[in-house]
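Subject: Structure for your review

Dear colleague,

Please find below the structure that I am handing over to you.

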Amino acid sequence: LGVSAATEVSFSFDVGNGPVEIIVRSPNQLNDDQWHRVNAERNVKQASLQVDQLPVEVRKAPTEGHTRLELYSQLYVGAAGGQRGFLGCIRSLRMNGVTLDLEERAKVTPGVKPGCSGHCTSYGMYCANGGKCVEKYNGYSCDCSKTAYDGPFCIKDVGAFFEEGMWLRYNFRSPGTSIKDLVSRTLLSSTDPEITAPDLNLNKEELSFSFSTTKSPCVLLYISSYTQDFMAVLVKPSGNLQIRYSLGGTKEPYNIDVDHRNMANGQPHTINITRNGRDIVLQLDHYPPTSYSLPTASDIQFNSPKALFLGKVIEIGKIDQDIYKYNTPGFTGCLSRVQFNQIAPLKAALRPTNASSHVHIQGELVESNCGASPLTIPPMSAATDPWHLDSASADFPYNGQAIGDGVNRNSAIIGGVIAVVIFTILCTLVFLIRYMFRHKGTYHTNEAKGAESAESADAAIMNNDPNFTETIDESKKEWLI
């Protein structure tokens with residue numbers, strides 16, 4: 001009993017009438033890091049093999065010949081007789097109703113370890129942003145193919161800079177899938193089996209991307225259809241964001257306006273939109289999610305999506321007038337980590353993937369890490385700013401990351417102490433400078449006593465020093481020789 005190929009499980013035996021092999025073929029690969037259940041049975045009448053919930057393969061025993069299977073050797077699990085060894089996990093092995101203790105044997109068998117948690121159980125959390133953990137022989141890897149991210153752990157966002165007039169279109173169908181897809185740009189018949197396929201009529205969507213721009217108005221993202229249904233994310237002339245849904249059933253599209261924020265401020269912003277039936281949830285940057293609901297008259301099914309546009313809408317047929325006006329001159333700025341359900345159009349354009357053939361680009365698409373900058377929140381209005389005097393009860397948008405009163409008080413105390421220290425140092429310097437200059441400007445005189453009453457300075461000296469008188473007298477004597 002073994003896995004003969006990536007999609008096949010075989011059960012072979014020989015009771016003396018020649019080798020017999022039963023094979024079950026699976027439509028999906030069996031080496032997908034998922035548990036699969038195998039049930040093999042042989043009796044005197046028949047042999048059968050079942051894998052998971054696939055149909056049972058049965059082989060009847062011959063009417064004549066040997067029927068008894070006599071086995072005298074040991075039971076080998078995972079490898080036998082020089083065959084390629086099994087790499088993976090086996091559990092719940094039962095033979096003839098008896099459960100075999102594989103874990104105890106694994107403790108004393110080289111190359112086999114008890115337990116089957118794998119690397120992904122311990123390290124799968126590091127595969128971020130929807131990346132799938134894949135078990136390897138001596139480690140693991142992250143599969144980012146169904147995400148808008150790249151890198152070993154699916155944390156490197158893929159973004160690009162759009163110049164004015166540039167646009168990207170992602171076709172939901174491969175080129176040439178349908179003849180009508182190539183020749184018709186208007187309504188298609190609902191009898192077309194491809195159009196009425198369940199996977200082309202969406203009851204829910206998940207959309208997420210980041211952008212930054214300084215120009216408005218513009219079209220960020222637009223999803224067209226073979227019907228009149230569409231979805232759009234716009235920046236209005238005021239710089240505010242608008243999400244527009246038109247699913248049929250109403251005369252006018254349903255608009256979600258985010259009027260309290262100016263989105264055309266050059267800073268990166270993140271948008272997450274989830275629709276499930278009539279319920280829409282919008283999350284913008286770090287703000288809490290906001291819920292909306294489509295009108296009762298509105299349809300809840302996005303019929304036959306056709307293409308996804310980034311930067312500009314180039315579609316033949318009727319387009320909403322506002323969107324047509326916002327199309328000029330086009331989006332200028334950065335778009336990154338764009339993902340609609342399982343589709344990542346920017347990544348398909350910048351990386352060689354299976355979906356690269358779906359992408360058409362007008363202009364030069366330059367890869368940029370502009371979306372990797374940390375999200376920032378610009379100044380809010382007085383009504384929503386928690387630090388404004390008139391909005392003391394406003395909620396802070398950082399979800400618990402606001403600075404507490406204790407931190408503010410400590411900061412004020414530290415600032416006061418620093419100010420006092422600086423003031424003291426300045427006063428000390430002023431005192432020292434004044435003392436030094438005062439010392440340099442003084443001098444000492446040995447003025448004779450009685451100088452005030454003397455007629456002259458010489459008289460004062462002579463009056464004060466008696467020896468000086470004798471000296472003068474001796475010097476003034478005249479000698480006659």
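Where is the place of Arg 337? In this predicted model, Arg 337 lies in strand E26. Its backbone deserves attention, as Arg 337 has a positive phi of about 40 degrees although it is not a glycine. Arg 337 counts as buried because its relative accessibility is 18%, and the cut-off for buried is under 20%.

Asn 341 also has a positive phi, of about 55 degrees, and is not a glycine either. This residue is found in the loop between E26 and helix H5 (345-350). With a relative accessible area of 26%, Asn 341 is partly exposed. For context, most residues other than glycine have a negative phi, and most peptide bonds are trans.

Cis peptide bonds

Two peptide links should be noted here. Ser 216 and Pro 217 are joined by a cis peptide bond, with omega about 0 degrees. Pro 217 belongs to the loop between strand E16 (204-213) and strand E17 (218-225). The bond from Thr 328 to Pro 329 is likewise cis, and its omega is near 0 degrees. Pro 329 is located in the loop between H4 and E26.

Aromatic rings

How many aromatic pairs does the structure hold? There are nine. One of them is formed by Phe 162 and Phe 331: the ring centres are 6.0 Å apart and the planes stand at 65 degrees, so the pair is edge-to-face, the cut-off for that class being over 60 degrees. This pair links distant parts of the chain, 169 residues apart: Phe 162 is in strand E13 (residues 159-162), and Phe 331 is in the loop between helix H4 (321-326) and strand E26 (333-340). Phe 162 is buried, at 0% relative accessibility, and Phe 331 is buried with a relative accessible area of 0%.

Phe 172 and Phe 340 form an aromatic pair that is tilted, with 5.9 Å from centre to centre and 55 degrees between the planes. It too connects distant parts of the chain, 168 residues apart, with Phe 172 in the loop between strand E14 (167-171) and helix H3 (179-183) and Phe 340 in strand E26. Are these two residues, Phe 172 and Phe 340, buried or exposed? Both are buried.

Elsewhere, Tyr 123, Tyr 126 and Tyr 140 form one aromatic cluster. Finally, the charged end of Arg 91 sits over the ring of Trp 35, at 3.8 Å from the ring centre.

Yours sincerely,
A colleague

How values were computed:
Residues numbered from 1 in each chain as written. Predicted model: local features only at pLDDT ≥ 70, side-chain atom pairs only at ≥ 80, totals over all residues. Heavy atoms only, no water. Phe/Tyr/Trp six-rings, centres within 6.5 Å; stacked < 30°, edge-to-face > 60°. Helix = DSSP H or I, 4+ residues; strand = E, 2+ residues; numbered from the N terminus. Buried < 20%, exposed > 50% of the residue type's maximum accessible area, 1.4 Å probe, protein only. Lys NZ or Arg CZ within 6 Å of the ring centre and 35° of its normal.
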